[in-house]
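User: I would like to go through the labels used for this structure and see what each one rests on. Please show it before we start.

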Amino acid sequence: MSLSPSEADWPGEPPTYATYLHLDHLLSLQHPLAADVDPRTRAAEHFFIIVHQASELWLQQVLLDLDAATAPTASTPPGARHEHLARAEACLHLMTAQVEALDHLPPDAFRAFRAALGTASGAQSQQFEHLRARLAPADGHADLLREAIAAFARWQRSHLAVVARLLGDDGGTGGTPGVTYLQRRVLASDRVHS
């Protein structure tokens, strides 16, 4: 007989808050690369990392809920579709708030660690691309996903505003033209969903 993941992780003992959430591991996943510069830069980069890591976790949840909401009706209990869609929308609102929290990252603090990013870029997020494709009208669920699509658009516009403030006319770290690249993507997304 095989143990369930929870039994394997905590043999003989119920989980605690810290063990259930794997907090030791979770809190060890932030590694600012410009950490040796000064405390302000380290804190700014740590903040930047957390916002993006948390965004990836929320993206994972949004995709999970959208998949469940659009699953064949026979496998979806009554009322569950609304539950999944409402949660996905709520997660997208949280992601917008997180991006807006980056307003507390001054451009000079960002510039102090930006070189450490190398070519790392949010444009490389596979989950973001999956979500973009998932919310495309061709997916066949545009009416059902209307609120999630609107929340996604708000998140993209908030992200664009933060990037414009932090980058100005500088190019993106992933080799993109920066703000102009994001503007084109947001406008294209708005046209597709209007």
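Analyst: One cut-off is needed at the outset: buried means under 20% relative accessible area, exposed over 50%, and partly exposed lies in between. The model is predicted.

User: Why is Asp-103 called partly exposed?

Analyst: Asp-103 has a relative accessibility of 45%, so it counts as partly exposed. That value falls between the cut-offs of 20% and 50%.

User: What makes Arg-165 and Asp-103 a salt bridge?

Analyst: A salt bridge needs a side-chain nitrogen of Lys or Arg within 4 Å of a carboxyl oxygen of Asp or Glu. The closest N and O atoms of Arg-165 and Asp-103 are 3.5 Å apart, so the pair meets the definition. It links distant parts of the chain: Arg-165 is in helix α8 (residues 146–167) and Asp-103 in the loop between α5 and α6, 62 residues apart. Arg-165 has a relative accessible area of 30% and is therefore partly exposed.

User: How many salt bridges does the structure hold?

Analyst: The structure holds 7 salt bridges.

User: What makes Arg-87 and Glu-83 one of these pairs, and where do they lie?

Analyst: The closest N and O atoms of Arg-87 and Glu-83 are 3.6 Å apart, which is within the 4 Å limit and so makes a salt bridge. Both residues lie in helix α5 (residues 80–101), 4 residues apart, about one turn of the helix. An α-helix has 3.6 residues a turn, so residues three or four places apart point the same way. Arg-87, at 32%, is partly exposed, and Glu-83, at 42%, is also partly exposed. Asp-65, Glu-83 and Arg-87 are linked in a network of salt bridges.

User: How do you know that the length of α5 agrees with its number of residues?

Analyst: The expected span is 1.5 Å times one less than the number of residues. For the 22 residues of α5 this should give 32 Å, and the end C-alpha atoms are 31 Å apart, which agrees.

User: Which residues of α5 are buried, and what covers them?

Analyst: The buried residues of α5 include His-84, Leu-85, Glu-89, Cys-91, Leu-92 and Met-95. Each of these has under 20% relative accessible area. The cover over the buried residues of α5 includes α4, α7 (126–134) and α8.

User: Why is α4 called roughly perpendicular to α6?

Analyst: The axes of helix α4 (residues 39–69) and helix α6 (residues 107–114) come within 9 Å and cross at roughly 85°. Angles of 65 to 115 degrees count as roughly perpendicular, so α4 and α6 receive that label. On the α4 side, the contact is made by Arg-40, Thr-41, Ala-44, Glu-45 and Phe-48. On the α6 side, it is made by Asp-108, Ala-109, Phe-110, Ala-112 and Phe-113. These contact residues divide into 6 nonpolar, 1 polar and 3 charged.

User: What makes Asp-108 and Arg-40 a salt bridge?

Analyst: Their closest N and O atoms are 3.0 Å apart, within the 4 Å limit, so the pair qualifies. Asp-108 in helix α6 and Arg-40 in helix α4 are 68 residues apart, and the pair links distant parts of the chain. Asp-108, at 38% relative accessibility, counts as partly exposed. Arg-40, at 45%, counts as partly exposed too.

User: Is Gln-60 buried, exposed or partly exposed?

Analyst: Gln-60, found in helix α4, has a relative accessible area of 48%, so it is partly exposed. Gln-60 and Leu-131 are 71 residues apart in sequence and 9.3 Å apart in space, C-alpha to C-alpha.

How values were computed. Residues are numbered from 1 along each chain as its sequence is written. This is a predicted model: local features need pLDDT of at least 70, side-chain atom pairs count only at pLDDT 80 or more; totals for chains, interfaces and linings use all residues. Side-chain values use heavy atoms; hydrogens and water are left out. Axes are lines fitted to C-alpha atoms, for helices over the stretch in contact, and angles run from 0 to 180 degrees between N-to-C directions. Helices (H or I, at least four residues) and strands (E, at least two) are DSSP runs, numbered from the N terminus. Angles under 35 degrees count as roughly parallel, over 145 as roughly antiparallel, 65 to 115 as roughly perpendicular and the rest as oblique. Contact means heavy atoms within 4.5 Å. Ala, Val, Leu, Ile, Met, Phe, Trp, Tyr, Cys and Pro count as nonpolar, Asp, Glu, Lys and Arg as charged, and the others, Gly among them, as polar. Buried means under 20% relative accessible area, exposed over 50%, partly exposed in between (1.4 Å probe, protein chains only).
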